[in-house]
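Here's a quick tour of how the strands in this chain pair up. Have the sequence and the model side by side as you read.

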Amino acid sequence: MKLENNQSYITNLQFSGAQPIGSGSLNSAVIAGASIQISGSLTATGSFKVTNPFGRVYNYFLTASVSSSNAASQSTGSTQYIAVSGSSTQKAQIIASTLTANNDLFLSASVSTTLLVASASFGGVDGNSIIISAASASSTLTSQFTGGSGASNFPYAMPFMAQGLYIGMIGNVKATTIDGSIVTFVSASGFIPGLFTGITQAGTTALSIVALK
């Protein structure tokens, strides 16, 4: 009975910082994407705000007065500083690289001159929840991802050691434990206790896998 109670409780994704990490056997999920012109934001007063698929907001502030290492040391959690220099295109490339490097944003960004082009790092409708805003001294441009369809197949890399897994829809789960062992759970569903560091896409067929902190 205790296990059943746990299973019903942890379906709430806010439970202990839980985060969806993957779904297996998905071949029809379409990746969402967006583009935004950031030329007006490439100044010392420019800033960016990115909302990830789970509603977490990251604020990025541009600075030309400190080195990259100093900018990194001033960054904490959802507040990040980016040291930019060079031409507008070079600044835009630095911003794109910084956004892509943050795995918690679940996106990949590139630039064409000063047009920031981004796509979700997974397929499915949840990619449509990603939002990028570029602010300058005079205006703010906002672009929300569109085009994502199908059940979302999030990346399988865990940003933390999971203290258990929740399987939303029955299927096989191939997981790596804290000691490096690879175990396969056949026809798994509900709560799986244990300490996990990753899920292997090959061999995993379960849908809506949630890692629990």
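## Around S11

In this predicted model, strand S11 (residues 165–177) pairs with strand S13 (residues 196–199) through three bridges, and the two run antiparallel. If you want a spot to look at, take Thr-177: its bridge partner in S13 is Phe-196.

S11 also pairs with strand S14 (residues 207–211), again antiparallel, this time through four bridges.

## A three-stranded open sheet

Elsewhere, three strands make an open sheet, ordered S2-S7-S6, with antiparallel pairing. Strand S2 (31–37) and strand S6 (107–112) each have a single partner strand, so they are the edges, and one side of each has no neighbour in the sheet. From one strand to the next, the twist averages 20°.

Zoom in on S6 and strand S7 (residues 115–123), and you'll find six bridges holding the antiparallel pair. Val-111 stands opposite Leu-116 in S7.

## The helix across it

Which helix lies across S6 and S7? That's helix H3 (residues 88–101), which runs at about 170° to S6.

Conventions: Residues numbered from 1 in each chain as written. Predicted model: local features only at pLDDT ≥ 70, side-chain atom pairs only at ≥ 80, totals over all residues. Heavy atoms only, no water. Pairing = 2+ DSSP bridges. Axes fitted to C-alpha atoms, helices over the stretch in contact; angles between N-to-C directions. Contact = heavy atoms within 4.5 Å.
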